[in-house]
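Subject: Structure handover

Hi,

Here is the structure I said I would pass on.

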Amino acid sequence: MVSWQMHGVGLFTRLVYRRRYATEAAGLRTLNRPKGPSAPPASLAATRSSVNGFPVYRVGEGETAVVYLHGGAYTSEIVKQHWSLIDFLAEQTGCAVHVPLYGLSPKHHGLEALDLVSEVIRGLDRPCHLVGDSAGGGLALLAAQANRGRVAGLTMIAPWLDLTMSNPGIDAVEPHDPWLFRAGLRPVADAWTGGLPLDDPRLSPIHGDLDGLPPMQILVGTCDITLPDCRLLRDRLPAGTALTYHEEPGAIHVYPLLPVPEARAGRRAIVDHIRACS
């Protein structure tokens, strides 16, 4: 049964956030709005370094490394919900969680972000676990594809896997998603390519090589336009790839980050997967 909190957050999201992506013009406004602050809250103990000129924060001191890649359609900054999940993962797993703040569109583009994340991964002295939500989930899979042998595990929360958004299954899900709409996401996707095709496998990982990937985890709600591509990825993975796949009935986009009861089980599942891959 879907919680009343999920219903409430879905209604709030439809009223407040859907307008950011409801039309192409709205998407362009979202793309070009000034960026807000990205530093972690003062209450969160984090150390800062720099890689390729971009800030990378570390939360926790454990020997096992997690790299967290935040969502926001590649154009919105990291927010308090991300930092809350990062803090939870560091506390519950005992890992050091590294958070690279990749450059956002329209000033920056996808290959630049992939280079940054790859440099962070190579700079660690041990294999890491990648975690990403939404756009960050897509970037996490791209980084795993580009750094085979350096990634011990991969968790994707409602990942944006295909910038073309051409999966015909999206047609049936889109009316039930209170947050995301393809019309507004298309100019955002175009800006992120840096002039490359939308289906370039270095930008849209579902078009890339799926062999030799580490144990994977996917969490997605059924009221989320990323659902059809999550199912497609699940079905395309080679038979030998370990996959933990979960669809949360009635849940909206990136539900483990939301203040809903369903998020608790999702967060616990992520912790369990990180531990199992360590």
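This is a predicted model: local features need pLDDT of at least 70, side-chain atom pairs count only at pLDDT 80 or more; totals for chains, interfaces and linings use all residues.

**Salt bridges**

Side chains of opposite charge can pair when their charged atoms come close. In this model there are 11 salt bridges. I'll go through a few of them.

Start with Arg182, which has a salt bridge to Asp171 with an N to O distance of 2.9 Å. Arg182 sits in helix H7 (residues 182–192) while Asp171 belongs to helix H6 (residues 170–173), so this pair ties together parts that are 11 residues apart in sequence. Arg182 also pairs with Glu174, and there the closest N and O atoms are 2.8 Å apart. If you colour by accessibility, Arg182 comes out as buried, at 10% relative accessibility. Glu174 is buried as well, with a value of 8%.

Then take a look at Arg234 and Asp235. These two form a salt bridge, with 2.9 Å between the closest N and O atoms. Asp235 counts as exposed at 55% relative accessibility, whereas Arg234 is partly exposed at 32%. The pair belongs to a network of salt bridges that links Arg231, Arg234, Asp235 and Glu247.

**Cysteines**

How many disulfides does the structure hold? The count is 0. Cys223, for instance, is in no disulfide, and the nearest cysteine sulfur, in Cys230, lies 14 Å away. Cys223 is buried, at 18% relative accessibility. For Cys277, the closest cysteine sulfur is the one in Cys95, and at 11 Å that is too far for a bond. Cys277 is buried too, its relative accessible area being 16%. A disulfide is a covalent bond between the sulfur atoms of two cysteines, so a gap of 11 Å, as for Cys277 and Cys95, is too far.

- The peptide bond between Ser105 and Pro106 is cis, with omega at about 10°. Pro106 is in the loop that runs between strand S4 (96–100) and helix H4 (110–123).
- Asn52 is not a glycine, yet its phi is positive, near 55°. You'll find Asn52 in the loop between strand S1 (47–51) and strand S2 (54–59). Its relative accessible area is 48%, which means that Asn52 is partly exposed.
- Tyr74 is another non-glycine residue with a positive phi, about 65°. Tyr74 is in the loop between strand S3 (65–69) and helix H3 (80–93). Is Tyr74 buried or exposed? Buried, at 1% relative accessibility.

**Helix packing**

Two packed helices are described by the angle between their axes and the distance between the axes. I have two pairs for you.

For H4 and helix H5 (residues 135–146), the axes come within 10 Å and cross at roughly 60°. The two helices are therefore oblique to each other. The crossing of H4 and H5 is right-handed. On the H4 side, the residues that meet H5 are Ala113, Leu114, Val117, Ser118 and Ile121, and their partners in H5 are Leu139, Leu142, Ala143 and Ala146.

For H3 and helix H9 (residues 261–277), the axes come within 10 Å and the crossing angle is roughly 45°. That angle makes H3 oblique to H9. H3 passes H9 in a right-handed crossing. The H3 residues in this contact are Gln81, Ser84, Leu85, Phe88, Leu89, Gln92 and Thr93. From H9 come Arg267, Arg268, Ile270, Val271, Ile274 and Arg275.

Cheers

Technical notes: Residues are numbered from 1 along each chain as its sequence is written. Side-chain values use heavy atoms; hydrogens and water are left out. A salt bridge is a side-chain nitrogen of Lys or Arg within 4 Å of a carboxyl oxygen of Asp or Glu. Helices (H or I, at least four residues) and strands (E, at least two) are DSSP runs, numbered from the N terminus. Buried means under 20% relative accessible area, exposed over 50%, partly exposed in between (1.4 Å probe, protein chains only). A disulfide is a pair of cysteine sulfur atoms within 2.5 Å. Axes are lines fitted to C-alpha atoms, for helices over the stretch in contact, and angles run from 0 to 180 degrees between N-to-C directions. Angles under 35 degrees count as roughly parallel, over 145 as roughly antiparallel, 65 to 115 as roughly perpendicular and the rest as oblique. A crossing is left-handed if the near helix is turned anticlockwise from the far one by less than a right angle, and right-handed if clockwise. Contact means heavy atoms within 4.5 Å.
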